[in-house]
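Here are some comments for a colleague who is looking over the coordinates.

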Amino acid sequence: ADGFILVTPEYHGSMSGCLKNWFDFLYDELAGKFAGVLAVTGGGGGDMSITAVKTSFNWCHGFTLPYHAAARGADFAADGSLGNPGVRDRIRRVAHDVVRYAPLIRATFEAARALGRGVESGVAGTH
């Protein structure tokens, strides 16, 4: 995949252990890829888990959308659907931007990688 939408619950101010494990095993595969980040939180804004996910993705030499979305328990209706229209709108915007930008970023990264291992290839030359 050229792009990802990563979703995590906020656990003690960070991402889930499962997602962290995913980063540990897929480091090489994430270089030059693009991601949008979403979180579900017990009451806060999800900022800590979103920051943790973005930081981990960036450390894998991937790129993240600066925009994100988080949902709290109060944002869900009794039937489990997402009842908050503002959060739904943000999620849709994240999804549209990942679809829009992921192929462009991947193509640019691959073109830089094709330049070889010299500094002119930037970080892509290290992969």
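The numbered points below take up a serine and then the salt bridges of this predicted model.

1. Ser 16 sits in the loop that runs between β1 (3-9) and α1 (17-25). With a relative accessibility of 10%, Ser 16 counts as buried, because the limit for that class is under 20%. A polar atom of its side chain lies 3.2 Å from the backbone nitrogen of Leu 19, and, leaving aside residues up to four places away in sequence, Ser 16 touches Thr 8, Pro 9 and Tyr 11.

2. Seven salt bridges are found when the whole structure is searched. Among them is the pair of Arg 72 and Asp 75, whose side chains meet at 3.4 Å, N to O; here Arg 72 is partly exposed at 35% relative accessibility, whereas Asp 75 is buried at 4%.

3. Helix α4 (residues 85-113) holds Arg 93 and Asp 89, which are four residues apart and therefore separated by about one helical turn. Their closest N and O atoms are 2.7 Å apart in a salt bridge, and both partners are partly exposed, Arg 93 at 45% and Asp 89 at 32%.

4. Arg 100 and Asp 97, three residues apart in helix α4, are likewise separated by about one helical turn, and the closest N and O atoms of their salt bridge are 2.5 Å apart. Arg 100 is partly exposed, with a relative accessible area of 46%, while Asp 97 is buried at 17%.

5. Finally, a network of salt bridges links Asp 2, Arg 106, Glu 110 and Arg 113.

Terms used: Residues numbered from 1 in each chain as written. Predicted model: local features only at pLDDT ≥ 70, side-chain atom pairs only at ≥ 80, totals over all residues. Heavy atoms only, no water. Helix = DSSP H or I, 4+ residues; strand = E, 2+ residues; numbered from the N terminus. Buried < 20%, exposed > 50% of the residue type's maximum accessible area, 1.4 Å probe, protein only. Polar contact = N/O pair within 3.5 Å; in protein donor to acceptor, adjacent residues only side chain to side chain. Contact = heavy atoms within 4.5 Å. Salt bridge = Lys/Arg side-chain N within 4 Å of Asp/Glu carboxyl O.
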